[in-house]
Amino acid sequence: MSTQSEAGQDAMGTTQSPRSDTRERIINVALELFSEQGYEQTSLREIADRLGVTKAALYYHFKTKDDIVHGIVDTMSAPIDEAIAWGEQKPWSPELRDELVRRFGAGMSERAPLLRFFHENQPAMRDSPAGLEFKERMVAMIRLVHGPGATFEDRLRATMSLFTINSAMFLLKHGATEGPAGPLAEDGEAGGACGEAKPEALAESLSAALTVALEIAALIEPKDA
């Protein structure tokens, strides 16, 4: 006979604790609302209402919207942190450069809501603690991609290479209704709210972005590597 704990794990389908599962639900719902309405226009009450919980229950996990954004950034930036930790242990080489770009691209492809969130809430995030933390992560990634002794041109190439992923999201949302990526979703279609990319269009666009990112990165050859 299963224990109560085992039953709880089976019900969730994972070994996550109920508390971590609830935090994940809050983060996912907050991302949805922030993307739909904007960070400034979304209240904790609205997040709690969509979750179907009380504000007191929400406060148990996050006291403020800034706390939720910290949770979003920490959760969604995990692949960046892993890529940085991996890259810092190795000497620079063209192979390392390209693998860093691939890992960044793969991680961001899996976490497209983070890119959409930052793109659509730039004014609110620019000087926020969470926004500054994400900026520090990006600076660390850029430095690893361009390597030691990089010229300004190579530092710029490294920046452009990584931001190609974000540029794909911008292009897909604002006018990329032609070509192989296909149109944005209409209301009621699978893929999300109106103006949100269909899953197949998103995957194809991010794949194309990775190709371009690697092309740009291939031009980087620091002299001191």
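A crossing of two helices is called right-handed if the near helix is turned clockwise from the far one by less than a right angle, and left-handed if it is turned anticlockwise. The model on display is a predicted one.

**First selection: the helix pair.** Select residues 94–110, which form helix α7, and residues 199–217, which form helix α12. Their axes come within 10 Å and cross at roughly 160°. Angles over 145 degrees count as roughly antiparallel, and α7 and α12 are therefore roughly antiparallel to each other. The crossing of this pair, α7 and α12, is right-handed.

**Second selection: the contact.** On α7, display the side chains of R97, D98, V101, R102 and S109; on α12, display those of L206, L210, A213, L214 and A217. These residues make the contact between the two helices. Sorted by class, the contact of α7 with α12 comprises 6 nonpolar, 1 polar and 3 charged residues.

Centre the view on D98, which lies in helix α7. Is D98 buried or exposed? D98 has a relative accessible area of 17%, and under 20% counts as buried, so D98 is buried. Apart from neighbours within four places in sequence, D98 is in contact with L214 and A217.

Helix α12 has 19 residues. From the first C-alpha to the last, α12 reaches 27 Å, close to the 27 Å expected at 1.5 Å a residue. Finally, colour the buried residues of α12: A201, L202, S205, L206, A209, A213, L214, I216 and A217.

Terms used:
Residues are numbered from 1 along each chain as its sequence is written. This is a predicted model: local features need pLDDT of at least 70, side-chain atom pairs count only at pLDDT 80 or more; totals for chains, interfaces and linings use all residues. Side-chain values use heavy atoms; hydrogens and water are left out. Axes are lines fitted to C-alpha atoms, for helices over the stretch in contact, and angles run from 0 to 180 degrees between N-to-C directions. Helices (H or I, at least four residues) and strands (E, at least two) are DSSP runs, numbered from the N terminus. Angles under 35 degrees count as roughly parallel, over 145 as roughly antiparallel, 65 to 115 as roughly perpendicular and the rest as oblique. Contact means heavy atoms within 4.5 Å. Ala, Val, Leu, Ile, Met, Phe, Trp, Tyr, Cys and Pro count as nonpolar, Asp, Glu, Lys and Arg as charged, and the others, Gly among them, as polar. Buried means under 20% relative accessible area, exposed over 50%, partly exposed in between (1.4 Å probe, protein chains only). The expected span of a helix is 1.5 Å times one less than its number of residues.
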